[in-house]
Amino acid sequence: MARAEGIGAGAGEVELVASIRVIRDSAYRDIFRAYAVVLDGKRTCELRRGQTRELSLSPGPHSISARIDWCSTKSLEFVATEGETVTFIVRSGCPGWRILLILWYAFFQWDSYLTLTRATTSLGDGLLNLDE
């Protein structure tokens with residue numbers, strides 16, 4: 001189990017640590033723009049095309065979303081446990097032919113312009129399976 005001295009820990013205290021991994025797909029949409037990761041209502045980092053970021057956080061309930069300009073994903077609630085890494089994948093909500101509807105998403109369905117999905121690791125093969 002991972003334990004680390006945290007910024008908020010007092011002298012001699014040890015804080016419990018969990019982590020999240022956020023993966024941005026490498027699709028051509030928004031190729032020159034960064035997606036902001038919002039954890040518990042605070043902007044924590046940016047993801048460029050094909051990037052992965054890992055962030056430490058305290059165990060317990062959290063919420064996560066991603067943003068680009070005024071558009072975003074729907075917020076996902078999750079519980080992080082000590083020593084666990086929770087993985088999320090963020091991608092454009094306008095793949096393929098939906099690109100023709102980009103103005104609709106940008107102005108009327110701004111919370112669906114991007115999609116954020118929790119992922120799980122398959123046993124032994126290291127592949128990511130999307131939870132639907």
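**Exercise 1: a strand and its partner**

Find the bridge partner of arginine 21 in β10.

Solution. The bridge partner is threonine 87. Step back to the strands, which are DSSP runs (E, at least two residues) numbered from the N terminus. Strand β3 (residues 18–24) pairs with β10 in the parallel sense, over six bridges; pairing takes at least two bridges found by DSSP. Next, look at cover: in β10 (residues 85–92), six of the eight residues are buried, where buried means under 20% relative accessible area with a 1.4 Å probe, protein chains only.

A note on the source: this is a predicted model, in which local features need pLDDT of at least 70 and side-chain atom pairs count only at pLDDT 80 or more, while totals for chains, interfaces and linings use all residues. Residues are numbered from 1 along each chain as its sequence is written, and side-chain values use heavy atoms, leaving out hydrogens and water.

**Exercise 2: the aromatic pair**

Classify the pair formed by the rings of phenylalanine 78 and phenylalanine 88.

Solution. The structure holds one aromatic pair, a pair being Phe, Tyr or Trp (six-membered ring) rings with centres within 6.5 Å; planes under 30 degrees apart are stacked, over 60 edge-to-face, the rest tilted. Here the centres are 5.1 Å apart and the planes at 65°, so the pair is edge-to-face. Phenylalanine 78 belongs to strand β9 and phenylalanine 88 to strand β10, ten residues apart. Finally, check burial: phenylalanine 78 has a relative accessible area of 3% and phenylalanine 88 has 1%, so both are buried.

Methods. Buried < 20%, exposed > 50% of the residue type's maximum accessible area, 1.4 Å probe, protein only. Helix = DSSP H or I, 4+ residues; strand = E, 2+ residues; numbered from the N terminus.
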